[in-house]
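Welcome, and please have a look at the model shown here.

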Amino acid sequence: MAAESPSSIADKSACIAAQVRQSRLSLCSTGYRLQSVDSPTRTLVLGFDGQVFTETDSEVEDQQTVIVHAVAGIFKLEQHSYVLAVTDSHCQGTISGKDIYEVSGVCALPLDYDSGKTAFQELLQEQITRASGDKSTAAPRKSYSTGDVAGLAAAQLADNSSADTNDYSTGEAGFRWLSPQISRMFRPSRESLASGTEDGATRPSTPQTEHGGSDVVETSSGVRKTSTSLERMERRVVEEIARVFSTSGMFYAFDYDLTRSLQVKDRQVVDGVSEPLACTADRDYWFNWHIQQPLLTGGGLAWALPLVQGSVQIGRCQISKDDVVQISVVSRRNWRRIGMRYERRGADTNGNVANFVETEQILELESKQESGQHADVGAHPTHIASFVQTRGSMPFFWTQTGAGLHPAAVVAGTDDSNATTCAQHLQHEISRVGRQVLVSLVEHGGREAAVGTAYAGVVGRCVASEMIDARMVRYVPWDFHHETRGMRYENVQQLVEQLRGEISGMGYYWRAGNAPLTTQHGIFRVNCMDCLDRTNVVQSAIARAVFNEQLVRLGVHAAPELGLAAHAGLEPTLNRLWANNGDYISRQYAGTSAMKGDFTRTGRRNFGGMVNDATYSLARLWINTFRDYFSQAVLDFLVGNHTASAVFRTLIDLRSREPDQVRQMASARETAVRTSVAIVVRDGERVQLACVVQSPMALDSLKIATAADSVLILTDAAVYVCSYCDRQQKVS
């Protein structure tokens, strides 16, 4: 879990080239060529043979080109390798005068000429049509928005129904008794069996036998499938990857590092010329780091652009005749234990926790009196201040199955293993950002009590055994549901007052011009069960209190005793940004917008918000039951936790696997083979083959009704089939 040096990704001398912004993508006989728009003499070549290299001063052939904003990465599945290109994005606004973009469209281009040509021509036609403004002749490619899953499902249904030969229009009446949001969400599960394409998905030619049927092939996972079914499975994986990058809040900037806070960036100033972001980005928050390895190691460093999954919300407010304030809420998700809600809970063996998000609230003030110019937040704000918080699952081993609306959580692991993992996580965070104020919002009774009590016990054990410094940790339990029962959400302010001393002592980062004046010491680490709804409400309340202090310190607060209400429009702007931030984080982890968003957005809880929450609960139940297992497998593949064959296996057995469990299973099987060989193979016999196979639980069975792992050993004298008990390390 130790932080890795960003510069270790490549030779530091390669960082002298500036970051490439947009590129002109063209197709040639040997691969794809990306010519820098700003520096036409710089070209990146992505060869069909897997080679990645750059060219300079090369003349570009007179051929058709497509503008791409970035190369998100390169990945390999069972049939093809793909280039994932960002084809559409929109500007969210500026921070410190630097444009921040959100990805809204991607295209996966196969790395072979025949399939790539088809995909490239479709992409070219789409951009030509878009440029002409004629949408009637546009190719039926997917255009995802950043709305809820319900909206995505509706878009998928409309597109698939027009592109597929299969008609799924019948049978919808059975779902009409549900709300429109929920009933639409049942449709993608049926459409996933269809053969329509999504963004960037292509239809590579299917090998046919002389009898007209599809060939039978075997994947690297050992699964025998026809080439048609393998093509369909691969297309579904590509569709999910495209969905992840185009609808789940991917943000980037060409000259602003979104992976690090302002305080960290100022502390780690890089000398010399402007460098590509790949040389300085924090790898923990660089979502596409794994699939950009071909660029980082093959000379494409300047084209490697870190994408951050999270949220960037920006708003401006005129607080006086002379002062303009810009507020930005930037959330960056740590990918080390990336995943979906019930698929990933707690911590792994390295101390990484699920749904770990760092959120930074940035205040930029441009004062007309100080600048002598018209008040406008531009490239050089007079003052800039930043306050950082984190959220993350409780850092020990615990699980929660997605059975029902309110499944019980179960503590896993021993007291010692849980304490070790918790200490590992907290030590890393202390070394990174300082003292940890752990605010736990879980219930003190009922279904959440087991893990809540375990969390307090684990932290206490870490302190008592001196695994962490007691001065660097404070544990604050606050039962959110109990304290706010009866829709008394104004009681959240009581928690803020309880933390007032910590808020003042922690401070915030403040810079006037280029001179840092104060720094933040420590951080609030807030959690509930999901680290979504309750967490966002409390973090927004803490951030509001800090923001009020910052305005007082800057001398622009008209009436400090009135709080943010003293400035018209300031409080609604801040509430809106935090509510939107909560929606983004919630969609990424649970599939729907955040609950309790009405309070975050308006400062009041109402009946309509409670109805929305009930709808979201049902939606989350459906998503977890029918979609999360596959989404989890794809996420693990993208960040390097799983291979492509593991994703294909997920489509067959309909469940995802923990990376730790996969490694433990591999280790256990290796031990089983080694032990079995040592016990049963006689002296003088030469082992020709030893492996783990699936066998029936009972002898002389014709069918494998229930299977178990057995060890198959082939020697030059005999064949052995061994049953191995990993708990007792016993062979029979």
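What follows is a short tour of side-chain interactions.

First, some ground rules. This is a predicted model, in which local features need pLDDT of at least 70 and side-chain atom pairs count only at pLDDT 80 or more, while totals for chains, interfaces and linings use all residues. Residues are numbered from 1 along each chain as its sequence is written, and side-chain values use heavy atoms, with hydrogens and water left out.

**Aromatic pairs**

A pair of aromatic rings is described by the distance of the centres and the angle of the planes. Here, rings of Phe, Tyr and Trp (its six-membered ring) pair if their centres lie within 6.5 Å; planes under 30 degrees apart count as stacked, over 60 as edge-to-face and the rest as tilted. Searching the whole structure gives 15 aromatic pairs. One of them joins Phe 251 and Tyr 584, a tilted pair with 5.8 Å centre to centre and 50° between the planes. This pair links distant parts of the chain, 333 residues apart: Phe 251 belongs to strand β11 (residues 250-252) and Tyr 584 to helix α15 (residues 570-589). Helices (H or I, at least four residues) and strands (E, at least two) are DSSP runs, numbered from the N terminus.

The term buried means under 20% relative accessible area, exposed means over 50%, and partly exposed lies in between (1.4 Å probe, protein chains only).

Phe 387 and Phe 524 also form a tilted pair, with ring centres 6.5 Å apart and planes at 55°. They too link distant parts of the chain, with Phe 387 in strand β15 (residues 383-391) and Phe 524 in strand β22 (residues 523-527), 137 residues apart. Elsewhere, ring pairs join Tyr 32, Phe 48 and Tyr 113 into a cluster.

**Around Phe 387**

Phe 387 has a relative accessibility of 1% and counts as buried; Phe 524 is buried as well. Beyond neighbours within four places in sequence, the contacts of Phe 387 include Thr 359, Met 506, Tyr 508, Phe 524 and Ile 542, where contact means heavy atoms within 4.5 Å. Thr 359 lies 28 residues from Phe 387 in sequence, and their C-alpha atoms are 8.3 Å apart in space.

**Charges over rings**

A charge sits over a ring if NZ of Lys or CZ of Arg is within 6 Å of the ring centre and within 35 degrees of the ring normal. Arg 42 lies over the face of Trp 303, 5.6 Å from the ring centre, and Arg 236 over that of Phe 630, at 4.6 Å.

**Salt bridges**

How many salt bridges does the structure hold? There are 23, each a side-chain nitrogen of Lys or Arg within 4 Å of a carboxyl oxygen of Asp or Glu. Three of them are set out here.

| Pair | N to O distance |
|---|---|
| Asp 530 and Arg 345 | 2.6 Å |
| Arg 447 and Glu 448 | 3.7 Å |
| Glu 497 and Arg 500 | 2.8 Å |

Asp 530 is buried at 9% relative accessibility, and Arg 345 is buried at 3%. Arg 447 is partly exposed at 33%, whereas Glu 448 is buried at 1%. Glu 497 is partly exposed at 43%, and Arg 500 is partly exposed at 26%. Finally, a network of salt bridges links Arg 332, Glu 358, Glu 360, Glu 429 and Arg 432.
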